[in-house]
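Hi,

Here's the structure I promised to pass along. Have a look first, and my notes on what turned up follow below.

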Amino acid sequence: MSDVGMENRSRGVELVRDELGRYLLQYLLFCQGICNESFMLLALMRLHLTDGSSSDDFYRLNMVELNAELDAIIDLVNVKLDKLKFKICKVSHPLGKDEVSSYTKDDIEKLLLAINDDSDEDTLSKDVILEFASQVQASNKYYVYVNLESDKETELATTYTVKEIECMKRLIKMMVNNSTRPREVDTTVRANPVFKEIKNMLSRYERDRGGDTEEEVNVPMWTSYISYQIGSTEAASNMVMTSTETQVFLNTLCADKWFYRTRNGRYGLDLKGAFELQEYLRDTYELQLCSVCKQIVLQGILCNDNTSLAPDKPTTAKCNSWHIDCFHHYITHISQQCETCGNNLLENLTYIL
Ligand SMILES: [Zn+2]
Ligand SMILES: [Zn+2]
């Protein structure tokens with residue numbers, strides 16, 4: 001191929017990517033500016049299946065290439081967004097991909113049904129689509145649309161009223177206050193997804209260390225936990241809104257993906273909330289940063305000064321903290337002792353649930 005031909009071809013690819021990028025950006029904004037990686041891949045896959053695609057075209061789509069293409073498209077979009085001081089960032093959910101995919105599974109099935117519904121016209125059968133979708137790996141990565149310049153208060157003010165912002169700040173304050181009170185691990189905690197994720201991570205670590213997969217591994221169990229979550233009764237005592245108003249507002253915050261609601265009806269800051277408000281949180285509160293990635297840890301593991309861990313006694317003697325994956329990295333590659341206090345990291349730590 002001549003140089004000119006090559007140039008035309010790459011310009012063609014760029015034009016196609018430009019258009020795909022515009023649709024993907026719209027899709028991301030439609031999802032309140034935060035979207036799991038597997039959904040973005042499914043969306044990209046759907047965009048490739050223009051009218052008249054055959055099953056052959058479909059099979060030609062390759063997962064590895066699709067992944068690389070998504071990265072390239074997002075890079076291209078970011079070059080343009082940069083001029084407007086916006087960016088699409090890729091962030092990891094602090095919980096592992098198994099837990100995250102248990103949230104996204106239902107939504108993926110719904111999306112697949114929708115794809116199937118409108119595919120009557122072309123020759124693609126449901127089976128072909130489902131097979132392809134099964135190759136989309138569960139992922140704990142999210143694409144987040146962020147404004148690089150605005151201070152978050154100004155940005156919030158375009159979405160929420162002064163009263164709502166005040167209420168949101170109170171709720172966050174309650175969450176932070178809650179986290180200073182260590183509690184004893186009891187049976188209700190066993191079903192907590194973060195607890196389970198930490199247990200899985202530790203048994204994976206012990207199994208790798210022992211090298212013997214047949215034997216039952218001994219997973220350390222710790223006795224205390226802290227939590228940034230608040231219940232709805234607690235939330236209703238915010239003094240800014242009535243309890244009915246608060247409930248409506250909490251629903252809005254969850255729909256906008258600032259907060260999440262657990263199966264037990266407790267509320268916490270969701271990935272988008274924690275990501276967008278990280279500077280506010282750091283400036284306003286003395287929050288623990290992860291010893292490995294230096295980001296705020298709202299769920300994970302805490303090394304605490306154990307002498308102050310009497311239940312109901314507030315403690316400020318927090319030592320170090322980690323996200324679950326960061327902790328695994330730390331004990332595997334760095335040390336099994338806390339770098340600050342020398343505590344044995346497998347013996348007695350505190351869960352951040
Ligand atoms: Zn971390
Ligand atoms: Zn420590």
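A quick definition before the metal site: donors here are N, O and S atoms within 2.8 Å of the metal. Keep in mind that this is a predicted model.

With that in hand, the zinc ion (ligand 2) has C303, C319, C338 and C341 coordinating it, each through SG, at 2.3 Å. The angles between the four donor atoms run from 100 to 123°, which makes the arrangement tetrahedral. Along the sequence, the spacing of the donor residues reads C-x15-C-x18-C-x2-C. One pair links distant parts of the chain: C303 is in strand β9 (residues 300-304), while C338, 35 residues apart from it, lies in the loop between α14 (324-334) and β11 (350-352). Both C303 and C338 are buried.

Then there are two helix pairs to look at. Helix α2 (residues 37-48) and helix α4 (residues 63-83) have axes that come within 10 Å and cross at roughly 100°, so α2 is roughly perpendicular to α4. On the α2 side the contact includes M40, L41 and L44, and on the α4 side L66, L70 and I73 are among the residues they meet. By class, this contact has nine nonpolar, two polar and two charged residues.

The other pair is α8 (residues 162-178) with α11 (residues 243-255), whose axes come within 11 Å and cross at roughly 85°. These helices are therefore roughly perpendicular too. K163, E164, C167, M168 and L171 of α8 make the contact with E245, F249, L250 and L253 of α11. That splits into six nonpolar, no polar and three charged residues.

Cheers

Terms used. Residues numbered from 1 in each chain as written. Chains lettered and ligands numbered in written order. Predicted model: local features only at pLDDT ≥ 70, side-chain atom pairs only at ≥ 80, totals over all residues. Heavy atoms only, no water. Axes fitted to C-alpha atoms, helices over the stretch in contact; angles between N-to-C directions. Helix = DSSP H or I, 4+ residues; strand = E, 2+ residues; numbered from the N terminus. Parallel < 35°, antiparallel > 145°, perpendicular 65-115°, else oblique. Contact = heavy atoms within 4.5 Å. Nonpolar A, V, L, I, M, F, W, Y, C, P; charged D, E, K, R; others polar. Donors = N, O, S within 2.8 Å, 3.2 Å for Na, K, Ca; no water. Tetrahedral: all angles 85-135°; square planar, octahedral: opposite > 155°, others 65-115°. Buried < 20%, exposed > 50% of the residue type's maximum accessible area, 1.4 Å probe, protein only.
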